[in-house]
Amino acid sequence: MKNKLFILILIGLFFSINNSYSKEDHLDELKKISKNIRCLICQGQSIDDSNSDFAINIKYVILKKLNKGSSEDEIYDFLKSKYGDWIVYKPEFKLYNLLLWLIPYFIFFIGGILIYQKIFKKNEKIQ
Amino acid sequence: MLPGQIGFISLVFSLFISLILFFFIFQDYKSESQAPSLKVYSLSFLQLLTIIISFFCLVLSFVISDFSLAAVYQNSHTTKPLLYKISGTWGNHEGSLLLWLLVLSIFSFCFLVQSKYTPKKYRLLTVLFQNIITIGFLLFVIKTSNPFLNLFPVPNEGLGLNPILQDPALAIHPPILYLGYVGSSIIFSSALSAMIHKFVNPSWADSIKIWILTPWIFLTLGIMLGSIWAYYELGWGGFWFWDPVENVSLMPWFSLTALVHSIIILKKRDTFHTWVLILAIITFTFSMNGTFLVRSGILNSVHTFANDPERGFYILTFLFLLILLSLIIFFIYQPKDNFVKSFFLFSRETAISVNNWFMMFFLSAVLIGTIYPLILEITKDIKISVGAPFFNIIIIPFLVPFLFFMIFGPKLKWIKTNENLMSKKLIFNFFLSLVFSSIIYFFWGKATLLNSIIFLLGLFLLLTLLFEFLETITKKNKVNIPRIISHFGFGLLIVSISLNTIFSVEMDINLKIGESYKFKKYELKFNSISGKVEKNFNSLLGSFSLTDPKGDISYLKPEIRIYNQPSITTSEANIKTNFFYDRFITMNNIQNSDFFNIRFQQKPMMIWIWVSALLISLGGILSVFRQKD
Amino acid sequence: MFLDKKINFKRLIIFISTFILLLLLATIFFKSLKTENVYIPDQLTGKEIPNFSSKSLLDNQYLESEKIFINKKYYLINIWASWCGPCRDEHPYLIKLSQNDKLKIVGINFKDKKKNALSFLNKQGNPYKQIFFDYDGSLSINLGAYGIPETLLINNKKIVLLKFIGPLNSQKYQKIIDAINNEK
């Protein structure tokens with residue numbers, strides 16, 4: 001009985017703490033999105049990292065949209081329509097990006113086969 | 001002026017000597033002697049000496065601010081502190097190539113001297129290949145990137161170096177990094193030579209080990225220094241951005257780490273000949289690739305190096321020819337195993353193979369992420385970005401099995417492991433790690449499951465290694481200390497980065513003087529701003545007090561610097577470090593307003609991240625000294 | 001050297017495929033060296049601009065872009081601010097362009113203070129038919145701007161013909177003149 005109670009308390013704590021983040025001010029979401037947006041006038045910074053005018057501007061626009069209820073994807077689509085796919089750091093799952101996402105796993109697969117051969121093929125003599 | 005002229009003449013001299021060296025190597029090759037001739041030794045030394053003289057002349061020109069040299073004029077200033085005048089020598093494209101040549105010739109000569117116990121023809125051919133690379137770079141420098149180009153009329157003052165680049169970490173970052181990149185040339189040349197002379201065997205593996213470890217150590221340190229510079233200087237609070245230039249240094253590190261491990265297999269089991277050779281060629285290819293990509297201007301990055309397509313063109317052609325050469329040699333001389341050895345599942349060889357397997361995976365992820373935008377742009381005229389989200393999604397999940405193998409792999413024995421690996425100590429370690437990571441996961445909402453699992457395994461790795469280390473002392477078990485230290489460093493790195501990711505606190509607000517901001521029981525108050533005029537910049541120093549939940553107050557002073565030569569405004573972060581966390585604050589003024597944009601971050605475990613990189617290289621250093629015994 | 005024909009064939013295949021891969025990569029790198037790498041995000045050229053609206057700078061009217069870009073003329077949309085140095089530099093070109101019959105200039109005043117903006121126009125002259133007051137910058141982001149000054153030339157169908165980032169100069173000025181004289 002005590003054990004069950006203890007587990008319940010743990011679960012309760014777990015959920016309560018995870019839900020204690022206020023989603024009202026959207027600042028966490030802003031940060032998450034900002035880390036994925038390139039600052040176009042900086043060299044290699046995200047708009048989260050950058051303090052340039054452009055970055056501050058875009059962050060403001062994103063926050064405005066978040067407060068109006070736009071979803072993350074809608075915001076990315078909006079920015080891409082204005083500035084091109086280049087502005088988003090995470091490459092989309094489009095057909096032309098297929099190779100990009102698949103090649104590392106493909107290499108891993110090949111490597112796995114090679115290792116499998118090394119382990120499970122018996123010693124052979126080659127004349 | 002004189003040093004510049006001597007420098008240039010010395011460089012041209014070096015080219016002639018290198019060409020003559022060719023001839024004498026061929027001659028010596030045919031002779032019956034057991035050791036390279038005195039002529040080869042002395043010409044090699046002369047080649048090194050002339051390059052040293054040339055390099056020294058360039059450094060001297062920077063130190064005395066000889067603005068008759070274009071490179072000095074463009075990159076230096078009379079008011080720069082001495083350290084940065086010296087480091088300015090390699091802070092530009094031309095000078096850095098001369099540094100490259102210096103390291104190349106040092107390594108070449110050291111190899112010649114050190115390789116005493118290996119066959120003469122193999123040594124000569126290795127030096128020959130090195131010589132080809134040296135000549136290629138000499139031609140490149142003299143023809144397209146001459147650091148000794150003159151200016152007339154001679155200006156009175158230089159254009160000054162970017163203040164962001166005046167930093168101690170950045171000053172030694174190129175030399176250390178080049179020792180890593182260029183060191184891999186020896187592995188390349190040696191591999192080709194060994195292939196041709198049918199010398200790819202445990203004896204060769206033993207002789208080449210030190211030439212694999214040394215570049216690996218320096219590359220690890222070089223990457224660490226770059227990260228340290230980015231963290232302290234750029235003011236973004238991050239230490240790794242998956243910037244193309246960072247990626248380009250990481251790629252040879254992956255293949256070099258794979259080499260460090262697989263050379264052991266070649267030595268102990270006399271197998272993996274082809275794979276080691278492939279790794280040797282790949283490592284060098286990526287090192288050279290790095291040089292090319294950084295200088296050619298085809299990558300978008302924070303590093304601003306000379307963006308000159310002509311230079312990129314030259315390096316690309318040279319690289320292409322070298323790889324082609326290695327492919328042809330590989331095709332003709334590839335060693336044939338008459339007996340294909342297979343491994344047992346529970347053996348150390350298998351564990352090391354798994355390491356290589358994952359290294360190649362990480363390498364391919366970074367490679368494809370870095371060059372895919374290029375490929376897409378050329379073939380389809382579509383421009384995309386591949387940034388941190390891609391690399392994190394692909395790489396981080398694979399750390400879980402990787403860490404798992406790191407924990408159990410080294411416990412396996414060579415050839416076959418018969419005993420049961422599970423021990424009470426292991427289970428105890430596991431549960432200890434489980435407890436800690438569960439606490440973090442359940443009581444801190446920002447910890448994702450993946451982060452917590454990685455933290456768990458990292459901690460498990462650390463504890464396991466600690467126990468292994470203690471066993472050496474108590475039970476006098478023979479254990480590989482360098483491995484323990486390096487792997488411990490890696491485990492510490494994983495644990496530090498996990499904790500850093502999970503527990504970082506960040507705050508980005510706009511404040512006016514006098515205002516304060518409360519967050520999570522902390523309070524940040526913007527007290528005042530004071531102005532100061534320094535030698536080459538005007539400074540705005542902000543004074544902030546941070547009150548933590550306990551009521552302790554710490555003072556932070558971020559700075560805005562307005563330089564006049566060149567006219568750049570930088571934001572200098574104020575970083576307060578202790579064992580547990582770094583507190584990091586930057587201040588930027590907002591266009592057209594009284595507000596300042598303040599970013600405060602509390603980043604745990606930062607110092608341990610640097611310590612872990614040092615530990616990783618320390619293991620390598622200890623291993624080098626063990627070789628010498 | 002070639003003991004077993006089977007092995008030799010396998011090696012040849014591997015060699016050739018690696019060589020081809022190498023060649024492909026080299027070609028890509030060579031080509032990328034030749035292309036210019038200054039990437040200017042240009043999603044809007046050739047496309048219709050979105051509708052936008054805001055208060056006017058000059059009076060208390062509420063301006064709507066659909067109601068402004070209706071005449072059979074070309075429109076030059078210029079994003080500027082009083083605190084922006086290069087905007088000051090390019091202003092004479094705008095004044096000159098405002099005297100062209102075929103063109104109407106519409107301004108977007110970016111994150112400025114009304115007082116300063118009006119004072120700027122008093123001193124430098126006002127080439128703008130209308131001025132949108134973009135006090136928080138969101139309007140300009142909607143037009144895909146990322147710095148000021150920025151200038152867009154649109155035709156009467158609201159299609160963007162030209163986009164200039166940075167201040168106007170004599171070459172850009174000439175391009176605008178050519179475009180409004182030549183385009184059908």
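Q: In β5(C), which residue is the bridge partner of F110(C)?
A: This is a predicted model, where local features need pLDDT of at least 70, side-chain atom pairs count only at pLDDT 80 or more, and totals for chains, interfaces and linings use all residues. Residues are numbered from 1 along each chain as its sequence is written, while chains are lettered from A and ligands numbered from 1 in the order in which they are written. F110(C) has its bridge partner in β5(C), and that partner is D134(C).

Q: How many bridges join β4 of chain C to β5(C)?
A: Strands are DSSP runs (E, at least two residues; helices are H or I, at least four), numbered from the N terminus. Two of them pair if DSSP finds at least two bridges between them. Strand β4 of chain C covers residues 103-110 and runs parallel to β5(C). The number of bridges joining them is 5.

Q: In β4(C), which residue is the bridge partner of W80(C)?
A: Let's turn to β3(C), which runs parallel to β4(C) and is joined to it by 7 bridges. In β4(C), W80(C) has as its bridge partner N109(C).

Q: Which are the edge strands of the open sheet in chain C?
A: The sheet has 5 strands with mixed pairing, in the order β5-β4-β3-β6-β7 (chain C). An edge strand here pairs on one side only.

Q: Which strands of chain C does helix α6 lie across?
A: Helix α3 (residues 85-98) of chain C lies across β3 (74-80) and β4 of chain C. Helix α6 covers residues 170-182 of chain C. The strands that α6 lies across are β3, β4, β6 (150-154) and β7.

Q: How many residues does chain B bring to its contact with chain C?
A: Residues are in contact if their C-beta atoms, placed from the backbone, lie within 7 Å. Chain C contributes 17 residues. From chain B, the number is 19.

Q: Which residues does A280(B) touch, not counting those up to four places away in sequence?
A: Close sequence neighbours, up to four places away, are left out here. With those set aside, A280(B) touches I187(B), F188(B), A191(B) and L259(B).

Notes: Contact = placed C-beta atoms within 7 Å. Axes fitted to C-alpha atoms, helices over the stretch in contact; angles between N-to-C directions.
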